[in-house]
Amino acid sequence: MPQIYIMAVITLVFSVALWGGLTFLFTGHQKKYFWLLLLGLPLSAVANLLLKSLAIIAVGRAAHVQPGLGLAAPIWFLAFKVLVTPLVEEPVKVLPLLLRQARKMVTNQASALWAGFVLGVSFGLGEACFIAYAVAQNDPYSSLPWYAFTGFLNERIMACFAHGILTAVLVIGLQRGGRYILYGSLTAIGLHLFLNAPTVMYQFQWISYELYNTSIVIPFIVLAMIFERMRRATRELKDDPSGKEIVYWQRQDTG
Amino acid sequence: MNAARVKPTRIFQPRPSYGWAWLILMALIIIAVSIAPAAAMGVSSRNAILTLIICTPIALAFLILAFWFPTMRYELEQDQLTLRYGLVLRYQIPLREIRTVRRRTLSLTIWSTVRFPGIALFTVPYADVGNVKMCATAALNDILLIETDKEKYGLTPADEELFVAALRAQMEG
């Protein structure tokens, strides 16, 4: 058995513990979102094996671009390949909301944030499995010991978080309705592109490996800031623990 | 004559927690993550060595913090309260500057700090009260929050009633 599967299991355990724990803490110890973690698991494989590859093949054939050209392909086609990931993945991640039970959970912006976040994390977990499978098919990697894949562990844990935020943005847009559906979609797709930018620039050999490793952190920090702003904006009054406050002493002139 | 009135320093311990175990766990995770690439690729790998060089001091810092865990204490003196943790943390709070003393549960943010279940040290941002200088054996629940004109401090004395009574007596006395 290729040993990346061992690291994939460790990644899943860490990701669920970390991002599930975060959801549990931030939602005031609610467990109702956790079942959504199952729904997104197959969606990365669906997006990658079916939708993305089909779209790229279809467009390539229509424009008579030969497959397997790599960076030698026309620039517009390369741009399309960059765009196709967020264009396909963002709508796919919210597909579980077609289920009535899942949709019923999204009653306000706070529940939209957490339902979206968990669905995105779920997609990220499935993506980790899919990538582990893809790497295992690659001969040079299949012989490496499991502990050689710590880069996979770090990257996939953070990717789960990023998918969670992007899906939360979209689900909040869907919950608000009207023009916010468009705003939410465009923001999620734009942020996904921003997140992928260092990887794309490295693949196009525009930046060095060292610069890629450094710059990959920037989108995650931006996403974390956006997440924190959304979380504060959608915080419900019942989440505010200050109601249980005990004032022991207060200086008289403070009013 | 005034010297006779100076009260001796009273020392209060924090309430017990397993914060030290979390610090050790973090150190072990960092060590494991940093050693793994070197073990897989060999010490001749530049990236593996770089990872080790970056991660080793961080893991050591966590281990040192865990070692100092029993040194956390609160010293109530004549005109100031001092929060101590090992050699790295020493917050002095002049009693005359204290505006409020209250106990509350604080709201989490995602920003990374020295804050784990059972321990919170240094400046920690909270969603509801902003930045708090923590020297506590809890990160969120039942924090004794001391607010001065300039700063907020978070602590968790084991005997909270006794501590608050002593603090009030010192401030009002």
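Mentor: A search of the whole structure turns up one cavity of 30 Å³ or more. The model is predicted, local features need pLDDT of at least 70 and side-chain atom pairs count only at pLDDT 80 or more, while totals for chains, interfaces and linings use all residues. Residues are numbered from 1 along each chain as its sequence is written, chains are lettered from A and ligands numbered from 1 in the order in which they are written, and side-chain values use heavy atoms, with hydrogens and water left out.

Trainee: What makes a space a cavity and not a pocket?

Mentor: Work on a 1 Å grid over the protein atoms alone: a cavity is a set of points where a 1.4 Å probe fits but cannot get out, whereas a pocket is an open set with protein on both sides within 12 Å along at least five of seven lines. Lining residues have an atom within 4 Å of a point. The largest cavity has a volume of about 30 Å³. Volume here is the space filled by probe spheres set on the points, which are joined across faces, edges and corners.

Trainee: Which residues line the largest cavity?

Mentor: A:Trp19, A:Gly20, A:Thr23, A:Phe34, A:Leu37, A:Phe117, A:Val118 and A:Val121. Helix 1 (4-26) and helix 6 (109-136) of chain A are the elements that give two or more residues to this lining. Helices (H or I, at least four residues) and strands (E, at least two) are DSSP runs, numbered from the N terminus.

Trainee: How does the lining of the largest cavity divide by class?

Mentor: Six residues are nonpolar, two are polar and none is charged. Ala, Val, Leu, Ile, Met, Phe, Trp, Tyr, Cys and Pro count as nonpolar, Asp, Glu, Lys and Arg as charged, and the others as polar, Gly among them. A:Gly20 is in the lining, so by that rule Gly counts as polar.

Trainee: What lines the second largest pocket?

Mentor: There are 14 lining residues, with A:Val169, A:Ile172, A:Gly173, A:Arg176 and A:Met230 nearest the centre. Helix 8 (150-176), helix 9 (179-203) and helix 11 (217-233) of chain A each give two or more. The second largest pocket has a volume of about 250 Å³. Its lining divides into seven nonpolar, five polar and two charged residues.

Trainee: Why is the contact of B:Arg102 with A:Glu245 called a salt bridge?

Mentor: The term needs a side-chain nitrogen of Lys or Arg within 4 Å of a carboxyl oxygen of Asp or Glu. B:Arg102 and A:Glu245 meet at 2.9 Å, N to O, so the pair qualifies. The pair crosses between chains: B:Arg102 sits in strand 5 (residues 98-104) of chain B, and A:Glu245 in the loop between helix 11 and strand 1 (246-250) of chain A.

Trainee: Is B:Arg102 buried or exposed?

Mentor: Buried, with a relative accessible area of 12%. The cut-offs are under 20% for buried, over 50% for exposed, and partly exposed in between (1.4 Å probe, protein chains only). A:Glu245, at 24%, is therefore partly exposed.

Trainee: Which other salt bridge does B:Arg102 make?

Mentor: One with B:Glu147, also 2.9 Å, N to O. That pair links strand 9 (residues 143-148) to strand 5 of chain B, 45 residues apart. B:Glu147 has a relative accessible area of 15%, so it is buried. A:Glu245, B:Arg102, B:Arg104, B:Asp128 and B:Glu147 are linked in a network of salt bridges.
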